[in-house]
Amino acid sequence: AVGGLEVLAWKNNYQAAFHMLGCLHHHEEYGLTDVNKAITYFRNASTVRNGKDPNSPSSWTSLAELIQPTHPHLATDLLLAAAHQGFPLAQHALAITLAPTDPSEARSWLESAASQNTVQSLYLLGIWTRDGVGKPKDHVLARNLLETAKNAGYPVPEDDMTFS
């Protein structure tokens, strides 16, 4: 199956096939873990322009995750590009990346992701709102965000619902 997908990707320059190959080589459960191949496939997926998938923000996000340890500035640039296209997982990842150095900017990106009902973003925004990251603490809003995330199926620990 991987061979056929590789032919589809390389012969037809097909973005979705490059992205799938990147996923297959990136996630251990598929038994093909090869970070260098995954980077190559995600890089190709992020630069191909065909059909409805011009420069897929999901490929940028996956590539950024892989290169973050060795190329943090490039990873941030990729996340920023995908975040500007409205991709909520990139906005979430960018928020986490920016939080240590620019909590206000990080919070803005997290709010964008949460506004698209991304449950992990709703949860994290609830925690940040409870703790005052990027804005003053607001326990009422924090509780509402955490309850929304929990009602949407996110496993919110009971300790996170405790406010001091």
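Student: What are the ground rules here?
Tutor: This is a predicted model, in which local features need pLDDT of at least 70 and side-chain atom pairs count only at pLDDT 80 or more, while totals for chains, interfaces and linings use all residues. Residues are numbered from 1 along each chain as its sequence is written, and side-chain values use heavy atoms, leaving out hydrogens and water.

Student: How many helices and strands does the chain have?
Tutor: The chain has nine helices and zero strands; helices (H or I, at least four residues) and strands (E, at least two) are DSSP runs, numbered from the N terminus.

Student: How much of the chain is buried?
Tutor: Of its 164 residues, 43% count as buried, meaning under 20% relative accessible area, with exposed over 50% and partly exposed in between (1.4 Å probe, protein chains only).

Student: Turning to helix 5, which residues are buried there?
Tutor: They are A75, T76, L78, L79, A82 and A83. These residues cover an arc of only 160° around the axis, so they lie on the same side of helix 5; the arc is that of the directions from the helix axis to the C-beta atoms.

Student: And which exposed residues does the face turned away from that side carry?
Tutor: That face of helix 5 carries H73, D77 and H84.

Student: What follows helix 5?
Tutor: Helix 5 is followed by G86, which has a positive phi, near 90°.

Student: Back to the whole chain: what share of contacts joins residues 24 or more positions apart?
Tutor: Such pairs account for 39% of the contacts with a separation of 6 or more, a contact being heavy atoms within 4.5 Å.
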